[in-house]
Amino acid sequence: MNIGEVFNKYEPKKENLLLILHDIQGSNGTQSIDEETLKKVAEYLDMSLSQVYGVVSFYTMYSTKPRGKYIIRICQSPTCHLMGSKSLLEHLKETLKIDVNETTHDKMFTLETSSCLGVCSEAPAMMINDTVYGNLTEEKVNSILEKLRSNHEND
Amino acid sequence: MKTINDNIMLDSKYAIVLENVGKIDPMKISDYIENNGYEALRKALSDMKPNEVVESVKKSGLRGRGGAGFPTGLKWSITVPLKGEKFILCNADEGEPGTFKDRLIMEGDPHKLIEGMILAGYAVGAHKGYIYIRGEYKNSIETMKHAIEEARKNGYLGENIFNSGFSFDIKVNMGAGAYVCGEETALIESLEGKRGNPRIKPPFPGIKGVWNKPTVVNNVETLANIPAIIDKGAEWFTSIGTEKSPGTKVFSILGHVNNPGAVEAPFGTTLRELIYEYGKGIKGGKEIKAVLIGGAAGVFLPKSKLNLKMDYETLKENNAVLGSGAILVMDEDTDIFDMLVNVMEFFKEESCGQCSPCRIGNPMILNILDKIKRKKDLKGNKWEIILKTASAMKETSLCALGQSAIMPISSAYTYFKDELENQGE
Ligand SMILES: Cc1cc2nc3c(=O)[nH]c(=O)nc-3n(C[C@H](O)[C@H](O)[C@H](O)COP(=O)(O)O)c2cc1C
Ligand code: SF4
Ligand code: FES
């Protein structure tokens, strides 16, 4: 979807701002929204750029900085914490050689932490883009990452 | 589309909101209809006046399942007499750690929620409903959108439903990763396309909500109870649960249990039953040490409290809260200090920063906890400072997020004082 198609989908009402931002971010390949685009969104909804920027910066799911093809969100809330998500986060940092909120050199993975993902009976859990993975162990994390890498090579 | 196999434990005698979950195909409206679906709506629109629906909900004693337990009928009756455009806003932001009941309902029986919303709209005279779903719940969003489309096609949503003259429609909006947006006024701000900063109350949403128009804000589980109440009657509903907490509650039993999952059980079920009968006891044959109930904005309770009945009044008498129904079970090896730090990190992370007690208080408490851990010298009694700070936050914070820090802190300190005071020594 390009930005015109997104605008066609939604009436120019402020209540559609979050939906529009989700659609743009999900379809432009960078998992982020740049300033030029924000200006167009502001214009479409008759809002000021600072209002739109204020919204983008408030919500953790949006980013103005380009991110990787896959965004890994690993839950750090109490249930996952109790079930070992802290050491999994360390494992992810070591394996991907990045810190939280950073992207790998090959632009494949961005590592983020998250609050409860609502799949706590499968703790510890993480989300990669729209897919949820539960009952994680280091081995399981490794095989998920490998699978995504090989999918990518076959793309 | 399912990515996670949810473990749902049901005693069909008591299943109301989860009765169809896992049994019917959520993508087929015909499945819902075959299971008595939309019959309550038919009954209300043909035989009941709007105020009779309100009275029925009042008599049922239904209390809000979003955390605060406010009587639903009473909430509706504030909005009923107001004139002009009104809204039903379903709170599906479900961010309280340890909670996923609303997701189970939306992904397993979406039409029950739709029917509940239409009934709420009919009762208070609203013609438009919004479901605000957290952005992480992609499956719930898709399932609800599909169900709304099907309901429209079949004449349950839209103009002149069942030729009754009543019209109602629903739109799905989504969040983008902010726990505070579950607070009802922040939810409204976010729905309007703004940052999710809570508003000062009063005015309450029932009087001034979305675009300052009267808005009934109800949780998913609350609304999912409405069809059964209208269909089977308030008396049936009050025969389940306890006197002051009628009906059922979806609890989630999590952490160090053999069988983690969700269970719908009557109010008044004991913690022990939930943990040992449904949760199947503690992993590895270990002893239980503590439970955190109600999520992050909840309380730590020791093993000695396992006989507590899970209902609003018993928990209140014990300085505890039911919150969203999350029960996190911790075994004998759990470090309570470490868990408390984790809860405080959650609050710090999720504070919207609008008011200073919460914006400054949470990091301040974390800073002291860190010093305790690293045996850094601090003047005065460290725990006294922490408790004082949290009480000040309770008195002066703008919304219940900042007001809540005191609950996990003071409960942990009450029951695990020795362990907490001997940290880092
Ligand atoms: C920080 C915070 C987060 C909340 N999150 C939710 C939530 O995710 N879902 C919800 O239904 N209520 C949540 N609430 C409670 C709502 O403010 C409100 O009480 C509730 O939606 C009312 O619905 P009910 O009467 O049906 O319970 C939250 C409250 C606070 C203070
Ligand atoms: S108490 Fe915290 S979350 Fe609530 S308005 Fe104040 S800063 Fe925001
Ligand atoms: S606490 Fe991690 S998914 Fe709920």
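Mentor: Happy to; we will take the labels one by one, bearing in mind that this is a predicted model.

Trainee: What makes E419(B) and K289(B) a salt bridge?

Mentor: The closest N and O atoms of E419(B) and K289(B) are 2.9 Å apart. The rule asks for a Lys or Arg side-chain nitrogen within 4 Å of a carboxyl oxygen of Asp or Glu, so the pair qualifies. Across the interface of domain 2 and domain 3 of chain B, the rule finds one salt bridge.

Trainee: How do you know how much area is buried between domain 2 of chain B and domain 3 of chain B?

Mentor: Buried area is the accessible area that two parts lose on being put together, summed over both. For these two domains of chain B it is about 1100 Å², with 80% from carbon and sulfur atoms. On the domain 2 side, K289(B), A296(B) and F300(B) supply 50% of the area buried against domain 3 of chain B, more than any other three residues.

Trainee: Why are no residues in the shell around ligand 2 counted as charged?

Mentor: The charged class holds Asp, Glu, Lys and Arg. The shell divides into eight nonpolar and five polar residues, so none of its members falls in that class. Among the closest to ligand 2 are C352(B), C355(B) and Q354(B); Cys counts as nonpolar.

Technical notes:
Residues are numbered from 1 along each chain as its sequence is written. Chains are lettered from A and ligands numbered from 1 in the order in which they are written. This is a predicted model: local features need pLDDT of at least 70, side-chain atom pairs count only at pLDDT 80 or more; totals for chains, interfaces and linings use all residues. Side-chain values use heavy atoms; hydrogens and water are left out. A residue is near a molecule or strand if one of its heavy atoms lies within 4 Å of it. Buried area is the accessible area (1.4 Å probe) that two parts lose on being put together, summed over both.
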